[in-house]
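Here is a short report on one structure, with sequence and coordinates shown below. Read the text alongside them.

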Amino acid sequence: MTATVYLPDSLEGVRAVSGRLRAGGTDLTELRHKGLAEGPVIDLRDVPDLDTLTAVEGGGLRIGAKVRIARLAADPAVVTGWGGVAAAAGGLATPQIRARASLAGSLLQEVRCWYFRSPEFVCLKKGGPTCYARTGDAVFHSVVDRGPCIAPHPSTLAAALWAYDAQVVVNGHPRSVPELLGDGTDPRRTHAVQPGEVVEAVTLPPPVPGEQAAYFRAIHRARAEWPLVECVVRVGLDADGAIDHLVLALGGVANRPLRFDAAGEACVGLRPDDPKVDDVLANLVGTTPGLDQSAYKALLVPGTVRQTLDMALAGPVVPGAADGGAR
């Protein structure tokens with residue numbers, strides 16, 4: 001079936017018509033092919049100023065909604081100042097998808113649950129009576145039960161941007177990543193963006209001089225796979241080598257990304273190799289009754305976070321004022 005395709009040349013024009021937004025189209029194309037999306041398409045191709053990276057006063061960065069994932073992974077400013085975001089962008093999906101997919105599309109993509117994607121099942125997310133994964137095949141699903149749908153949230157960048165306290169600009173107004181995604185209690189919604197709302201950009205706060213960051217994912221095959229568990233770490237050390245601040249964000253384990261601020265605070269003042277740090281990491285995620293098939297993910301979490309922390313500590317340091325200043 002041929003769809004009506006609108007090609008507005010302004011955000012006002014986008015909001016004047018109704019349909020599904022398309023930037024890279026890497027997810028929308030599949031959803032339409034499977035009958036999970038229909039109706040007009042609003043292609044953002046001709047809307048200006050959505051594919052730029054712009055320095056923000058004070059040292060932050062504004063990233064347009066149409067910026068390609070591959071560009072985000074390779075941009076020198078992002079790599080230097082927000083290394084966890086760059087690494088996450090470079091680690092997701094495949095080179096072909098990263099070259100086409102957009103920042104906003106990554107944030108707003110739909111879950112990869114095979115029950116949702118199959119036309120044979122009308123699950124909770126499609127308005128049906130049950131989450132079939134709870135009684136069916138859920139080996140790659142959530143281990144932390146955050147709501148009726150237990151499909152893991154699919155956006156790697158959502159976890160990375162939350163780790164950096166990014167703001168997502170929707171219709172000119174900033175929202176935090178949790179506000180953008182919602183709390184997961186409505187199984188039909190993977191995000192909280194309403195019809196008529198457009199994600200315009202993401203803004204990152206100024207980098208923290210002296211900070212180090214990394215991204216790592218545990219996967220069950222070597223390439224082109226969705227994560228079993230993925231982690232973004234931001235860490236800073238004081239003059240004595242003890243942890244000054246630690247931010248931990250996880251994906252792949254719940255229907256929304258998770259951030260563990262209390263665990264990060266519990267590690268402040270400890271050296272990274274202190275066994276007490278591993279004790280904290282060992283208790284980040286427990287198993288949930290009824291989610292037995294994915295219980296192994298809880299066992300993967302401590303090692304995944306430890307690996308990410310070690311990678312961050314071995315990586316480059318965000319420059320400070322003494323060596324040129326953070327962008």
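## Pocket

On a 1 Å grid over the protein atoms alone, a pocket is an open set of points with protein on both sides within 12 Å along at least five of seven lines, while a cavity is a set of points where a 1.4 Å probe fits but cannot get out; lining residues have an atom within 4 Å of a point. Grid points are joined across faces, edges and corners, and a volume is the space filled by probe spheres set on the points.

The second largest pocket is lined by 18 residues. Nearest its centre lie R112, F140, P152, W226 and P227. The volume of this second largest pocket is about 300 Å³. Its lining splits into ten nonpolar, four polar and four charged residues. Here Ala, Val, Leu, Ile, Met, Phe, Trp, Tyr, Cys and Pro count as nonpolar, Asp, Glu, Lys and Arg as charged, and the others, Gly among them, as polar.

## Model and confidence

This is a predicted model: local features need pLDDT of at least 70, side-chain atom pairs count only at pLDDT 80 or more, and totals for chains, interfaces and linings use all residues. Residues are numbered from 1 along each chain as its sequence is written, and side-chain values use heavy atoms, with hydrogens and water left out.

The predictor's confidence in each residue is pLDDT, from 0 to 100. The protein chain has a mean pLDDT of 95, and 98% of its residues reach 70 or more. Over residues 321–327, pLDDT stays under 50. For that stretch the model has twelve contacts (heavy atoms within 4.5 Å) beyond four places in sequence. Where pLDDT is low, the predicted coordinates should not be read in detail.

## Cavities

The structure holds three cavities of 30 Å³ or more. The largest cavity has a volume of about 80 Å³. It is lined by 13 residues, with C113, C123, C131, Y132 and C149 closest to its centre. Eleven of the lining residues are nonpolar, one is polar and one is charged.

The second largest cavity has a volume of about 70 Å³. Its lining includes V111, K125, C149, H153, D186 and R256. By class, that lining has four nonpolar, four polar and four charged residues.

## The five-stranded sheet

Five strands form an open sheet in the order β4-β5-β8-β6-β7, with antiparallel pairing. Strands (E, at least two residues) are DSSP runs, numbered from the N terminus. Two strands pair if DSSP finds at least two bridges between them. β4 (53–56) and β7 (173–176) stand at the edges with a single partner strand each, so one side of each is left without a neighbour in the sheet. Neighbouring strands are turned by 30° against each other on average, direction ignored. The axes are lines fitted to C-alpha atoms.

β5 (residues 60–64) and β8 (residues 199–204) pair over four bridges. L61 has L204 as its bridge partner in β8. β6 and β8 also pair over four bridges, and V169 stands opposite A201 in β8. β6 (residues 167–170) pairs with β7 over four bridges. Q167 stands opposite S176 in β7. β6 and β7 form a hairpin with two residues between them. In the turn, N171 has a positive phi of about 50°.

## Around H245

H245 is found in strand β11 (residues 243–251). Its contacts, not counting residues up to four places away in sequence, are V208, E211, R234, V235, G236 and V268. H245 and V268 are 23 residues apart along the chain, and their C-alpha atoms are separated by 5.9 Å.

Terms used: Axes fitted to C-alpha atoms, helices over the stretch in contact; angles between N-to-C directions.
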